[in-house]
Amino acid sequence: MARWSMVIDLDKCVACQGCSIACRFENNTPIVSPEEAELGREMLWNEVFPLRAEEGDIASEQSRFLTRPCMHCENPPCVKVCPVQATFIGDEGIVHQNYARCIGCRFCTVACPYGVRYFNWYAPSWEEGLEQHLNPDRVMGNGDLEGPAIRPRGVVEKCTYCIHRLHKARARAEAEGREIRSGEYVPACVQTCTGKARFFGDLEDPNSIVSQLSQERRAFRLLEEAGTRPKTIYLEEG
Amino acid sequence: MATWHPKNEHEQIILAPVKQGVGRDRILWIVLASILLAGIAAWARQFVLGLGVTGMNRPVYWGVYITNFVFFIGLAHSGTFISAILRVTGADFRKPLTRAAEAITLFSLPFGVACIVIDMGRPDRVLNMIRYGRFQSPLLWDFTAVSLYLLSSIVFFYLSLIPDIALCRDRLTDVPPWKHRMYEILALGWTGDSHQYHRLERVLDAMAILMTMIVITVHTVVSWVFGMTIQPGWHTALIGPFFLLGAIFSGTAAVVIVLAILRKLYHLEDALPIGLFNSLRKLLITFTLGWLYMMIAEFLTTYYGSLPEEMEVFWQKFTGDFYLIFWGMTILVFFIPLFIFIFRAKDSIPWMVTAGVLINIGMWMERYVVIIPTETRPRLLYELVQGSYRPTWTEWLITAALFSGMGLLYAIFTRLFPIIPLWETVDSLEHEPEPERPEPRRFGERTAQV
Ligand code: SF4
Ligand code: SF4
């Protein structure tokens, strides 16, 4: 069984926000008005944050950024608190979000220490014309609605490691009667990354790029002390 | 067999409000009902448009609604505290207060539950909680505990009401027929036989123990919705006891307010002597000091630990965006009430009420200040995004509606049933020598108390 993981090399990240945009178009995240954004209701499953410089930090001259998808924690606080199992951890370590079941209690959003989860305050909307060009992919069936499927108002959504791409890759591999090849399934942000800072693969496979990179001295995880054991791994700058 | 009722010297004055027609109350009811309706309309609008009509955002995902939820459940604790816990400990001064206090429980719980539904993004999917309920989620603990609490409160309340309903049935013969019919049905054929009283006392004693356990569980579980996350300021073992103490504190203060109003409006001065207020005053002094103890225990530990993410929230409260609410709360629930209780409130109902009102406003602020500041500085995000929150009119209107709804139910109740338990406040329930009836001893049995 695979354990999907992403490695982000902060040294190579140029903070272009290409990942955010690619994610937006891949996953049909709604666009909010400037006033709503002002309130802090913008939706970017993968956000690029400027880091606040520490006072007296010599390096503070340099602007620093952090790009942040879901950590797909191995011990996810969000999953623990969901009353209806609308968010759950799959066999391959991906933390799913089922829009068809979520009751919108927002317990997961306050429990996630990474601020990864977004709530649909209103029904989703897109700018003129854009709604003609939404990604038709979705994962659905059996009371399940995931991936880029259009979310109704009042439910929570978040980065899924582009789970619909995994489904597609798997379907193709099964049709051809083989295993998924490495590199056959990558999320949109990894594919698009300008600085080639993002890597994706299977942690279970010792030869995969993510396994190799996760052993590097620069490797770290966000809030390691929180015990969430993220599968999104960062490589430190410098 | 003719129904026997114990002789209560205050029977006339206690029954008077029930006997009188609705009269001028109608205005009050209409006002409260209109606010309630306005709130329902606001909620319907919120349901159609989405939770965007509130001030909630990212990362402040929970706001006034959840504050109200915690506050209402806290208010509910007054009744159980006074009728169950004081029953178990045998504090007899509680007797005239029990029903007035239990009614607060009964009428605030449904509104507490409503808060959860109002806060949900998809209230239409509320049944998913039952269909797919995961017992690992603290929210389901809440759901279960509060439902159980509501159910057992109804039973407890109703049981102790039966003898008085029977009394209304027999004494109030000139009330409208529907009202009389209601008494007949609800009295369940009560005859006032001494076995019945005996059995009733025993059931109430046993239920009081159960209720005591439930009440402690409920508010602890409410706090665990916060405590079980790893957000700074919430993730502390103290949050359970702190919530519980706060609940009983605000609940008891609410009893003072309600009692004073009833006493004045319904001329119950003789049935509710001032000594009651003095007993409540002593309880409240204890709670005020207990509250201080909890505050110090919590904040001193945080301050000495000085974990960076905890300190972000700590300073948010002490000097940051929430300093006005935080210090206002401290003054309202601690300094002023303690001063009033010690120097002014003895034998003075107006002062007691003042303190009660301040404590309740302060405790609402306290709930707010426990919940919101943590959300504005969540664990990772405090470095990245800083949240703020400003409730909108929808939230305030719905809040007002919740309080009006509770007041409305209470006001109506006092016109239908005696608000002071008649049978519990008499000197003696014995109308004939206890007949010899060997009964097997059971768990929770006590010798008949008179
Ligand atoms: S990062 Fe947040 S949303 Fe993602 S798995 Fe961890 S707790 Fe859940
Ligand atoms: S908002 Fe949805 S996914 Fe999150 S805890 Fe509630 S039901 Fe679960």
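**Entry 1: B:Ile104**

I looked up B:Ile104 and found it in helix H4 (residues 98-119) of chain B; helices (H or I, at least four residues) and strands (E, at least two) are DSSP runs, numbered from the N terminus. This is a predicted model, in which local features need pLDDT of at least 70 and side-chain atom pairs count only at pLDDT 80 or more, while totals for chains, interfaces and linings use all residues. Residues are numbered from 1 along each chain as its sequence is written, chains are lettered from A and ligands numbered from 1 in the order in which they are written, and side-chain values use heavy atoms, with hydrogens and water left out.

I noted B:Ile104 as buried because its relative accessibility is 1%; buried means under 20% relative accessible area, exposed over 50%, and partly exposed in between (1.4 Å probe, protein chains only). Not counting residues up to four places away in sequence, B:Ile104 touches B:Leu75, B:Ser78, B:Ala254, B:Val255, B:Val258, B:Met406 and B:Tyr410. Contact here means heavy atoms within 4.5 Å.

**Entry 2: B:Leu262 and helix H9**

B:Leu262 sits in helix H9 of chain B. I list B:Leu262 as buried because its relative accessibility is 7%. Its contacts, with residues up to four places away in sequence not counted, are B:Ala100, B:His267, B:Leu268, B:Tyr410, B:Thr414 and B:Ile419. From B:Leu262 to B:Ala100 I read 8.8 Å, C-alpha to C-alpha, across 162 residues of sequence.

I then took the packing of H9 (residues 239-265) against H13 (residues 349-376), both of chain B: the angle is about 145 degrees and the axes are 8 Å apart. Axes are lines fitted to C-alpha atoms, for helices over the stretch in contact, and angles run from 0 to 180 degrees between N-to-C directions. The contact of H9(B) with H13(B) has 17 nonpolar, four polar and three charged residues. In this classing, Ala, Val, Leu, Ile, Met, Phe, Trp, Tyr, Cys and Pro count as nonpolar, Asp, Glu, Lys and Arg as charged, and the others, Gly among them, as polar.

**Entry 3: B:Arg367 in H13**

Is B:Arg367 buried or exposed? B:Arg367 is buried, because its relative accessible area is 1%. B:Arg367 belongs to helix H13 of chain B. Beyond four places in sequence, B:Arg367 touches B:Thr67, B:Val70, B:Phe71, B:His219, B:Phe243, B:Gly246 and B:Ala247. B:Leu238 is 129 residues away from B:Arg367 in sequence and 14 Å away in space, C-alpha to C-alpha.

**Entry 4: B:Ile336**

I placed B:Ile336 in helix H12 (residues 323-344) of chain B. B:Ile336 counts as partly exposed because its relative accessibility is 33%. Residues up to four places away aside, B:Ile336 touches B:Ile331 and B:Leu358. B:Pro176 is 160 residues from B:Ile336 in sequence, and the C-alpha atoms are 47 Å apart.

**Entry 5: nonpolar cores**

The largest nonpolar core has 196 residues. A nonpolar core is a set of buried Ala, Val, Leu, Ile, Met, Phe, Trp, Tyr and Cys residues joined through side-chain atoms within 4.5 Å. Those with the most contacts inside the largest core are A:Tyr114, B:Tyr183, B:Phe226, B:Leu280, B:Trp291, B:Tyr410 and B:Ile419. Helix H3 (residues 64-88) of chain B gives the most to this core, with 15 residues. A second, separate core has seven residues, including A:Val7, A:Phe199, A:Leu203 and A:Leu235.

For B:Tyr183 I listed the contacts outside four places in sequence: B:Val18, B:Ile165, B:Cys168, B:Arg169, B:Leu172, B:Val175, B:Leu416 and B:Phe417.

**Entry 6: ligand shells**

Ligand 1 is surrounded by 13 residues, of which A:Cys70, A:Cys73, A:Cys78, A:Cys112 and A:Arg117 are the closest; a residue counts as near if one of its heavy atoms lies within 4 Å. The shell around ligand 1 has 10 nonpolar, one polar and two charged residues.

Around ligand 2 there are 13 residues, with A:Cys82, A:Cys102, A:Cys105, A:Arg106 and A:Cys108 nearest. By class, the ligand 2 shell has 10 nonpolar, two polar and one charged.

**Entry 7: backbone**

A:Arg106 lies in the loop between strand E5 (95-97) and helix H4 (107-111) of chain A. Phi of A:Arg106 is near 65 degrees, positive in a residue other than glycine.

The peptide bond from B:Arg58 to B:Pro59 is cis, with omega near 5 degrees. B:Pro59 is in the loop between helix H2 (25-49) and H3 of chain B.
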